[in-house]
Amino acid sequence: MMFLINQYRQNGKIKPNQALVVFLTTICAYSDEKSEIEELSMVALSGCIWLQAFVVTLDTNSFTYPQIILIWGNFIAFYMINLIVSAVPTLQMYTIMFRLCSQPSYWITMGLIVAVGMGPVLALRYFRNMFRPNAINILQQIEQSNGHTHTTRNMESRIISAGSYLTHLLADSRRNRGATYQPLLSDSVASDG
Amino acid sequence: MCLEIDESFSSGFFLCFFFLSPADSKFTQQELPAWKPLYTPGIVIGAFSLIGIIFIPIGLVSIAASQEVVELVDKYDGECVTANDKVGFIQDTKTDKACTRTITVPKPMKGPIQVYYQLENFYQNHRRYVKSRSDKQLRSKEFSSVIKTCDPEAISEGGAPIVPCGLIAWSLFNDTFTFSVNKKTVQVNKKNIAWSSDRTIKFGSDVFPENFQKGGLIGGGQLNEKLPLSEQEDLIVWMRTAALPTFRKLYGRIETDIMASDEITVVIQNNYNTYSFGGTKALVLSTTSWIGGKNNFIGFAYVAIGTISFLIALAFVGLNMVKPRTLGDPSYLSWNKENPDYVQ
C-alpha cells in the first residue's frame, strides 16, 4: 500500500505529507474492516489522482486550453481506463471500480483527501504571496490586477537607476498590456539597450 | 519543395513535416489566450468559507447515518474454550466445541441484519498467502491441473491436484453460528453473501472440490464435494482477501427485525484455530445505512475540516483588517524599501 503511494508520488507532483494524507485517510475511512486489498488500493490511487489534478492546477500561473485539457483529461482518463479494466472478467480488478463508484463513502473520502491535502497548501501559498511576496509575485500581481504603481518614496542615489528602470518597465507594461504579455520582456529593454 | 531534398526517406519525411507545419499559428507563437488567476483575499477567504459551508453539513449527515447503525460485537474466542490447552482443544476432533452466547439487543435492529465473523491478527494481505491460489483453476474444470501458483497446498498426498488449491482456500474459516431470538429459532440467509460477479464468472459452475483437506495438515473448513465452487459462497467470501489484519467477512443475513431488549442466543461451533497465532475471533451483528457500516471517522473528519476552514477564513479576514496589504505594490520590492538591507 505505502509502496504504491510512494511509487506514484515519485512520478507525480504529490508531496510526502500529501501521500501520508492519502494513506491515512484511506485507512481510516475504510476502517470498517470489510475491504479487500484491491478496493483499498484503488481508493488510495484515486486519492493520488485527485490530489495531482488540484496540485497542478494550483501551481499553474497561466492557463491556456492545452493545460486545462491535459490536467482534467488525465483525471477523466483515469476513470475511463479503470472502468474499462473493471469490465474484464479475468483481471483481479473485475467490477472493483463499479462498486467503488456506486458507494457514497468513496466520493466523500475523495473530497476529504483533497481538502486535507490542498487546504494547508492553499493557505500557506496565499499567506506567502500576500505577506512575504518576492519580486516575481509582485510583478505577477501588478500584471494581473493592473494595480496602481505610483512610487512616492525618496530613493538613494545608488538605487535610482534601478527604480527608473522599474518605472519604465511598469509604464511600458500598462501601455502594451495584452493577454499573453510577459512582464519581464518589456519593450523598454530594447529601448534601453 | 520536399522532392528537392536529397536525403534518406526518414529524415526527408521529418524535414517535410517540419516545413509543412504552420509557422505562424497561435500555438507555435505562444499567443493562445490565457487566463491568469490571482489569489486575492476575497477569493481565498471565499474558498475557505465555501469549504466550511459544504463540509460541515456533509459531516453532520455522515455522523447521523453512522450513529443510525446498530452494531453488536461479541468476542467469543476466549470464553468458548474450556480447556487450559487452547490449541490442543481446538485441534482435537473429538471434543465438543459447541458454545452458547447470549446477547441483549440495546436498540431496535431493522432487517436485514448482517452477520459477520471478525478476525484479528490474521494477515490475509501477506504476499505469499495472497498469491497462493489459481484463478484459472477456480474458473473452469479444464484448468483443474493449473496448480503452479498454489504451493504449498497444490497436490494431495497421492499426487493428485487439490481443487480448490492454495493456502487461501485451505485456511477457510469454519466456525458456524445458529441464532434464536427469545428462544425462537431465527434463520440465517446464506444466499447471495458473495459478489455476483464472483459467483457467475470467477468461480466455475463445473468445478467441484477434489482432494480438499485430505492432507496431513487441516487448515480450515471442509467443502461439500457435490456442490460446484460457484455455489460455495463461504469459500468465495473467504477468498476475497482482506487488506488489513483485522477484518470482517459476511457470514449471512437475518432478514427479520429484532426489537430492543430482545435476547439473542447464539450457538457457536468453535472450530477455527486462531489460538496458534494469537488471533481473536468475534461475531458481529450490524444494520447498515447508505454510508455503509458504523464508521464515525468520515463524519468527524468532515466537521473538523469544515471548522478549521472557517477558522482559517476568519484568520485571513482578521489579518487583512489589522495589516492590509496592497496587491502589486512596488514599494515591497527590496530595492524600493526605505532601508534596503544591502545599503546598510
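Predicted model: local features only at pLDDT ≥ 70, side-chain atom pairs only at ≥ 80, totals over all residues.
Residues are numbered from 1 along each chain as its sequence is written, chains are lettered from A and ligands numbered from 1 in the order in which they are written, and side-chain values use heavy atoms, with hydrogens and water left out.

Let's start with the annotated spans. In chain A, an unreviewed UniProt entry gives "transmembrane region" for residues 70-94 and 106-127. For chain B, the unreviewed UniProt entry lists residues 41-65 and 297-319 under that name. UniProt positions are in the numbering used here, feature names are shortened, and annotations may be inferred rather than shown by experiment. Helices here are DSSP runs (H or I, at least four residues), as are strands (E, at least two), numbered from the N terminus. In chain B, residues 41-65 are 100% helix and 0% strand, with end C-alpha atoms 36 Å apart. Residues 297-319 of chain B are likewise 100% helix and 0% strand, and their end C-alpha atoms lie 32 Å apart. Over in chain A, residues 106-127 come out at 100% helix and 0% strand, with 32 Å between the end C-alpha atoms. Residues 70-94 of chain A are 64% helix and 0% strand, with the end C-alpha atoms 28 Å apart.

Staying with chain B, look for a nonpolar patch on the surface: B:L50, B:I53, B:I54 and B:F310 expose about 360 Å² of accessible area together. Patches are made of residues with over 30% relative accessible area and no salt bridge; like charges are joined within 9 Å, and nonpolar side chains (Val, Leu, Ile, Met, Phe, Trp, Tyr) within 5 Å. Accessible areas come from the Shrake-Rupley method with a 1.4 Å probe, and for residues only the protein chains shown count as cover. Helix α2 (residues 41-68) of chain B gives the most to the patch, with 3 residues, and B:L50 sits in that helix.

Now for the strands of chain B. Strands of a sheet pair through backbone hydrogen bonds, either parallel or antiparallel; two strands count as paired if DSSP finds at least two bridges between them. Strand β3(B) is joined to strand β6 (residues 247-254) by 7 bridges, running antiparallel, with B:V115 partnered by B:G252 in β6(B). β3(B) also pairs with β8(B), again antiparallel and over 7 bridges; B:L119 has B:K281 as its bridge partner there. β1(B) pairs with β8(B) in the antiparallel sense over 5 bridges. B:S286 in β8(B) stands opposite B:E71, and also opposite B:Q114.

How enclosed is all this? Buried means under 20% relative accessible area, exposed over 50%, and partly exposed in between (1.4 Å probe, protein chains only). In β3(B), 7 of the 8 residues are buried, so the strand is largely enclosed by the rest of the structure. For β8(B) it's 7 of the 7 residues, so this strand is largely enclosed too. In a regular strand the side chains alternate between the two faces of the sheet. Both faces of β8(B) are covered, with B:T280, B:A282, B:V284 and B:S286 buried on one side and B:K281, B:L283 and B:L285 on the other.

Finally, the salt bridges, each a side-chain nitrogen of Lys or Arg within 4 Å of a carboxyl oxygen of Asp or Glu. B:E120 lies in β3 (residues 113-120) and B:K75 in β1 (residues 71-75), so the pair ties together parts 45 residues apart in sequence. B:E120 is partly exposed at 23% relative accessible area, and B:K75 is partly exposed at 40%. B:D175 and B:K281 form another, also with closest N and O atoms 2.9 Å apart. This pair links the loop between α6 (167-170) and β4 of chain B to strand β8 (residues 280-286), 106 residues apart. Here both B:D175 and B:K281 are buried.
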